[in-house]
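Please consider the following model with attention to how its chains pair with one another. The explanation takes one pair of chains and then the other.

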Protein chains: 4
Amino acid sequence: MPRPSRWDDVVAAAAKVFSEKGFGGSSLEDVAREVGMLKGSLYNYISSKEDLLFAVVTPPAQRLLDQARELSETDLPASEKLRRLTRTHVEIIHEYFPYVNVYVHEIVGRQVSDEWSEMDREYLRLLEGILAEGEKQGLFAPGLPRRVAALSLVGALNWMTRWYRPGDPAAAQAIADQITDVFLSGLLSRH
Amino acid sequence: MPRPSRWDDVVAAAAKVFSEKGFGGSSLEDVAREVGMLKGSLYNYISSKEDLLFAVVTPPAQRLLDQARELSETDLPASEKLRRLTRTHVEIIHEYFPYVNVYVHEIVGRQVSDEWSEMDREYLRLLEGILAEGEKQGLFAPGLPRRVAALSLVGALNWMTRWYRPGDPAAAQAIADQITDVFLSGLLSRH
Amino acid sequence: MPRPSRWDDVVAAAAKVFSEKGFGGSSLEDVAREVGMLKGSLYNYISSKEDLLFAVVTPPAQRLLDQARELSETDLPASEKLRRLTRTHVEIIHEYFPYVNVYVHEIVGRQVSDEWSEMDREYLRLLEGILAEGEKQGLFAPGLPRRVAALSLVGALNWMTRWYRPGDPAAAQAIADQITDVFLSGLLSRH
Amino acid sequence: MPRPSRWDDVVAAAAKVFSEKGFGGSSLEDVAREVGMLKGSLYNYISSKEDLLFAVVTPPAQRLLDQARELSETDLPASEKLRRLTRTHVEIIHEYFPYVNVYVHEIVGRQVSDEWSEMDREYLRLLEGILAEGEKQGLFAPGLPRRVAALSLVGALNWMTRWYRPGDPAAAQAIADQITDVFLSGLLSRH
DNA sequence: AATGAATGAGCCTTCATTCAT
DNA sequence: GATGAATGAAGGCTCATTCAT
């Protein structure tokens, strides 16, 4: 994958277009128009439309996974890990919104390729690991349905692409903390 | 919309095909092959491909909304309403899986049409209403981020379409209860 | 391969166009224009451009091979077999001219597919068989370079597509006999 | 046509590529890759793709025609002229294989241009001249179908591009003599 | 109701060619 | 001389839709 001068423009344009109209609903002509070139010219940068999809989707996915790995290896208490992971996830949604939107709609949870499925699985594994750790530490309730809890958190976070629109970064962080609070403390009042 | 003899077959086939390949990725020929007719014949039942999408997606959406309305008007405690709403949501995912899958991927959270957006909004409103009620009753913690909590629950539920595959109905109900537990009690242990 | 009403028209048009402009140099639009339909409509008959190539090329090739097989099994003297095989070859060139032209340019001697290569080889084998038979019968000169002779005859015949244009069938037969005479008797005068 | 440093490399690469994939089936990028430059750079050497075709095809064609002319003017007996012409033709196929292959597939017998058609015609005329000469000398059988005989020999020779692959030069010469023998003496045994 | 065929628009991709650097 | 990038025109193929039978 070459990275000549306008590579980033091309990927950004693709992210925008795919995010708005869906991958299948976007034509390369749409993308090209967004960059300001003709559709044929795109092939100086990519070798297929799918290439472009992966180029759009790789950076945020990779980055999220990397940060999840790092975080897992720290000594923080599980609840703090969970809070930070959620923050990171939301930050990435905030910062790379169209990219993540494409990722959520076209890749995650679909059987697109083994490589991507494995990334999905690893992220989930790390998250479940944090839950197990918290349980062992006595921080989290014993007998948690860890898998379902992890999938629910991921779902709640990825679902943000359906209602959140990037604006004030502080708002994003607030949302992250609210989600964390809901998952940590639950809805019931503690008398 | 008339309902001639094989109408249900047509919609079921469309649900299956759209669910597997996405709306945009499916051709009417795919659908027709699934029913066992030729693509031209589909136009005896529908007047456009979008028609089919709405036909697939309307029953589960309508049903979920109806049940949410009914439930809202009962006298049950908010926590019980929440548990039942979650169960219903999961049951519908379980029973109408391909239909719901299409709904989640192609309709909800997208700005498809005013009518659908209004259905989305109402469902969310009902859910937020339950949260507010629970708070007023002293059942739920005061100062809950109601909107984010409601969106997170909806996200967690709809996200099931990405990992859940219908099998044992009891398993579905178990999942529903686990999700409810996580949202009601949270992850933290209560010593 | 379906054979609906205008199938023959489609193949005939393809033969004409491919014969005139080469397979690679012809567009499906050219073919469609020749039949009087739009290029997309061709896909009601074929499933790829290559399909059309094989459809054009199969009938004359199959027919020639069939007749060569039949002829081989007769009791005629080898020289007569050779004369008749040549006549048949020329007749097929005459009758199916554009089809054969495409065959000669795009298929024979190219490594297009195993199936076609095998047909080529079998035809050559039958021809060499006739030469061997004639030699054994004492009709043909002993020690003939059978392979080269067979390839030369095939070359001389197929090369007709480069200079012969169908007209009077009698002319075609005359040419066939002249070629046979050259190959049987050679150029040298027999004093 | 200027001949800068890597002109020969360019033409050789084109010959190889065109020979393997056909002129229409080859892209300039294929050719460029074979030389080790980018396709744009080719235009420092040529001014169009067709240019390249003619550059590939001219040397062997010119050389064959030149040698045929020379040979015609000698005092050798017609049968010897024929043997030598055949040898030369085969040698050129052997030595310039990809070039000749391109020539045979893309030029000869096609109505590519008046210039090329005239070269074809002249070669054939020289060959027919040899046949006429031999007949007048009493060497060749009277009443020969000269045109058909000449076309058959040319066909047999050019057809070599479909089955011959350059290897041992002695093998090439053997083939040339076998072809000559077949055309001179014919297949029938002379008792 | 169903079919076979046709339409027309659009899409991904290729490619000869040009050109500023 | 070479390069990277852009152009513009096709080309093969798909597909929603229409329609006569």
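**Paired chains and their axes**

Chain A is superposed on chain B by a rotation of 180 degrees with 0.0 Å of shift along its axis, at an RMSD of 0.1 Å; copies are superposed by least squares on the C-alpha atoms of residues with pLDDT of at least 70 in both. This is a predicted model, in which local features need pLDDT of at least 70 and side-chain atom pairs count only at pLDDT 80 or more, while totals for chains, interfaces and linings use all residues. Residues are numbered from 1 along each chain as its sequence is written, and chains are lettered from A and ligands numbered from 1 in the order in which they are written.

Among the residues of chain A, A:Gly186 comes closest to the rotation axis, with its C-alpha at 1.8 Å. The contact between the chains involves 37 residues of chain A and 38 residues of chain B, two residues being in contact if their C-beta atoms, placed from the backbone, lie within 7 Å. On the side of chain A that touches chain B, two or more residues each come from helix H6 (114–136), helix H7 (146–163) and helix H8 (169–185) of chain A. Helices (H or I, at least four residues) are DSSP runs, numbered from the N terminus. H7(A) provides the largest share of this side, eleven residues. By residue class, the side comprises 21 nonpolar, 14 polar and two charged residues; Ala, Val, Leu, Ile, Met, Phe, Trp, Tyr, Cys and Pro count as nonpolar, Asp, Glu, Lys and Arg as charged, and the others, Gly among them, as polar. Because 100% of the interface residues of chain A are also interface residues in chain B, the copies meet through the same surface.

The second pair consists of chains C and D. Here 38 residues of chain C are in contact with 38 residues of chain D. Helix H6 (114–136), helix H7 (146–158), helix H8 (160–163) and helix H9 (169–185) of chain C each contribute at least two residues to the side that touches chain D. H7(C) gives the most to that side, with eight residues. The residues on this side of chain C are 22 nonpolar, 14 polar and two charged.

Chain C is superposed on chain D by a rotation of 180 degrees with 0.1 Å of shift along the axis (RMSD 0.1 Å). That is the relation of a two-fold axis. Of the residues of chain C, C:Gly186 comes closest to the rotation axis, at 1.8 Å for its C-alpha. The same surface serves both copies, as 100% of the contact residues of chain C recur in chain D.
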